[in-house]
Amino acid sequence: MTAAISPILKTDLFINNEWRPSSTGARFEVINPATEEVIAEVAEASPDDVDAAVKAAKACFESDAWRSLSARQRGALLYRAADLLEERLEEMCRLETLHNGKPLFESKIDVEMTIETLRYYAGWADKIAGNTIPVDGPFFTYTLREPVGVVAAIVPWNFPLNLASWKFAPALAAGCTVVLKPASETPLTALAMADIMQQAGFPPGAFNVVCGGGSTVGAQLVRHPGVDKIAFTGSTAVGKEIMREAASTLKRVTLELGGKSPNIIFADADLKAAVRGAHNGIFYGKGEVCAAGSRLLVERSVHDQVVEELAERARKLVPGDPFDKNTRLGPVVSKKQQEIVLSYIEAGKKEAKLIAGGNPAKVNGKGYYVEATIFDDARPGMKIVDEEIFGPVLAVLTFDDVEEGIELANRTMYGLAAGIWTRDIQKAHRVARAIKAGTVWINTYNFYDAAAPFGGYKQSGFGRELGREALEAYTEVKTVWVGLK
Ligand code: NAD
């Protein structure tokens with residue numbers, strides 16, 4: 001079955017540069033959400049396997065093979081991994097679409113960004129430097145930036161490979177070693193990446209992949225005394241659990257969590273662009289995007305026009321086979337996720353006004369699809385406004401002036417991202433400052449770059465990924481004093 005699905009598919013655990021079945025022999029099924037078929041049976045890591053992966057990462061971290069590599073050589077390994085990934089771009093995209101359900105063109109954007117991220121941090125490897133400090137007295141005092149140690153990277157299923165690279169690329173550039181745990185729904189591209197890392201020349205133990213459940217494999221990584229840092233992306237509920245559990249060993253933790261991001265359309269905006277931005281802001285990635293603009297705030301005088309155009313666009317967004325080049329809406333990732341999204345839609349039908357979608361769908365009689373759905377007349381206090389749905393469901397709220405727009409935008413426990421649509425440059429910058437979120441897009445939405453930091457305010461987490469800022473999370477600062485007299 002393996003070769004028939006994809007020549008790059010691997011299904012065992014990757015520990016110490018070896019492919020190993022689980023020590024218990026256990027395997028779990030990976031399902032294609034578009035066809036509901038089993039596409040792979042992946043080895044499920046046992047506690048012994050997790051322990052072996054952490055020990056391999058630790059041994060590598062302390063080994064000559066890793067320590068004697070210069071920073072520039074570590075960078076060269078990452079460049080090589082980027083080149084190898086580029087050679088396998090098409091296959092990797094197909095694999096991402098197979099287990100996640102996202103349209104193929106979206107997988108291409110993801111894998112291309114992964115390549116960019118590898119190259120970006122490859123370039124950083126030999127530029128991570130300390131400072132000399134002008135202290136009082138006869139001393140030469142300087143700082144070293146040293147790798148934090150073994151990093152456990154725990155990632156969700158929505159951008160499986162790309163979000164993993166946001167962690168393992170800066171970690172390896174900084175000189176850490178990595179144990180990656182992908183989500184059970186989408187382990188295939190992480191495993192294919194392990195093959196690439198080995199070919200690129202990373203020594204045994206530098207990069208390991210263990211697959212399995214969050215409450216088992218993930219939780220063991222969080223508790224394991226051999227892990228120095230947890231880099232987590234996922235839900236706010238699990239993020240809180242991880243922070244509690246990591247306290248007992250005082251691990252370093254960075255948390256990239258959920259969102260309920262406001263996308264604000266002012267009456268003076270370029271409405272055509274704003275409607276397009278609102279549509280892509282919620283329906284790109286099937287709405288399974290942490291920064292999805294899932295609350296659309298529209299100034300009252302343009303509300304009717306905006307809502308009418310949005311509903312028309314949503315009705316034309318027909319669910320389709322993710323491998324068809326014309327498809328713009330694939331299936332959500334799993335049956336469970338479809339049920340969650342549909343339960344929110346049912347709650348929304350009781351609270352607000354449904355103006356598009358609202359149903360499950362199938363393509364060729366199969367698949368966990370959900371129609372592009374829009375609710376109008378939404379207000380704070382409603383489930384569809386207050387809670388992250390993580391599906392193609394938009395809640396439209398109305399406001400009367402700038403202050404009310406800002407107040408509504410900030411009325412959430414989350415603070416991951418926001419969008420602002422206006423032609424008034426002063427208003428745009430004023431609102432950008434007033435919004436409590438880690439990213440604000442003005443007259444655009446949902447753009448990312450390896451050089452631009454990304455992360456949350458409030459309960460969307462803390463720490464930043466991407467950019468120079470991400471490197472801080474993978475290094476410790478050591479201050480060295482030299483007496484000169
Ligand atoms: P999730 O929190 O259920 O799982 C994320 C990962 O954590 C998975 O690998 C899972 O197996 C693991 N996990 C689950 N329980 C665990 C535990 N107790 N200990 C250790 N690991 C555990 O999230 P999900 O459903 O896979 O992903 C969706 C969520 O991720 C959404 O809330 C979304 O907003 C968030 N997300 C955030 C960002 C960001 O950058 N802020 C990006 C993408 C997704």
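Colleague: Which domains is the protein chain divided into?

Modeller: Bearing in mind that this is a predicted model, the chain is divided into domain 1, which takes residues 2–257 + 460–480, and domain 2, which takes residues 262–449. Taken over C-alpha atoms, the centres of domain 1 and domain 2 are separated by 31 Å, and the contact takes 31 residues from domain 1 and 30 residues from domain 2.

Colleague: And what area is buried between domain 1 and domain 2?

Modeller: About 2,500 Å² is buried between domain 1 and domain 2, with carbon and sulfur atoms giving 63% of that area. On the side of domain 1, the residues that lose the most area to domain 2 are Glu36, Trp157 and Ser460, which together make up 22% of what that side buries.

Colleague: How many salt bridges does the rule find across that interface of domain 1 and domain 2?

Modeller: The rule finds one salt bridge across the interface of domain 1 and domain 2. Glu36 forms a salt bridge with Lys362, where the closest N and O atoms are 3.3 Å apart. As for polar contacts, nine residue pairs are counted between domain 1 and domain 2, with both residues at pLDDT 80 or more.

Colleague: Which elements give two or more residues to the domain 1 side?

Modeller: Those elements are α5 (89–100) and α6 (104–124), and α6 gives the most to the side of domain 1 that touches domain 2, with six residues. The residues of that side divide into 14 nonpolar, nine polar and eight charged.

Colleague: Changing topic, how many residues surround the ligand, and which are closest?

Modeller: The ligand is surrounded by 26 residues, of which the closest are Val155, Ser235, Leu257, Cys290 and Glu388. A polar side-chain atom of Glu388 lies 2.5 Å from an oxygen atom of the ligand.

Colleague: What about Trp157 and Gly234?

Modeller: For Trp157, an N or O atom in the side chain is 3.1 Å from an oxygen atom of the ligand, whereas for Gly234 a backbone N or O atom lies 3.4 Å from an oxygen atom of the ligand.

Colleague: Back to salt bridges, how many are there in the whole structure?

Modeller: A search of the whole structure finds 26 salt bridges, including the one in which the side chains of Asp83 and Arg119 meet at 2.8 Å, N to O.

Colleague: Which parts does the pair of Asp83 and Arg119 tie together?

Modeller: Asp83 lies in helix α4 (residues 71–87) and Arg119 in helix α6, so the pair ties together parts that are 36 residues apart in sequence.

Technical notes:
Residues are numbered from 1 along each chain as its sequence is written. This is a predicted model: local features need pLDDT of at least 70, side-chain atom pairs count only at pLDDT 80 or more; totals for chains, interfaces and linings use all residues. Side-chain values use heavy atoms; hydrogens and water are left out. Domain bounds come from an automatic or database domain assignment. Contact means heavy atoms within 4.5 Å. Buried area is the accessible area (1.4 Å probe) that two parts lose on being put together, summed over both. A salt bridge is a side-chain nitrogen of Lys or Arg within 4 Å of a carboxyl oxygen of Asp or Glu. A polar contact is a pair of N or O atoms within 3.5 Å; within protein, one must be able to donate a hydrogen and the other to accept it, and residues adjacent in sequence count only if both atoms are side-chain atoms. Helices (H or I, at least four residues) and strands (E, at least two) are DSSP runs, numbered from the N terminus. Ala, Val, Leu, Ile, Met, Phe, Trp, Tyr, Cys and Pro count as nonpolar, Asp, Glu, Lys and Arg as charged, and the others, Gly among them, as polar. A residue is near a molecule or strand if one of its heavy atoms lies within 4 Å of it.
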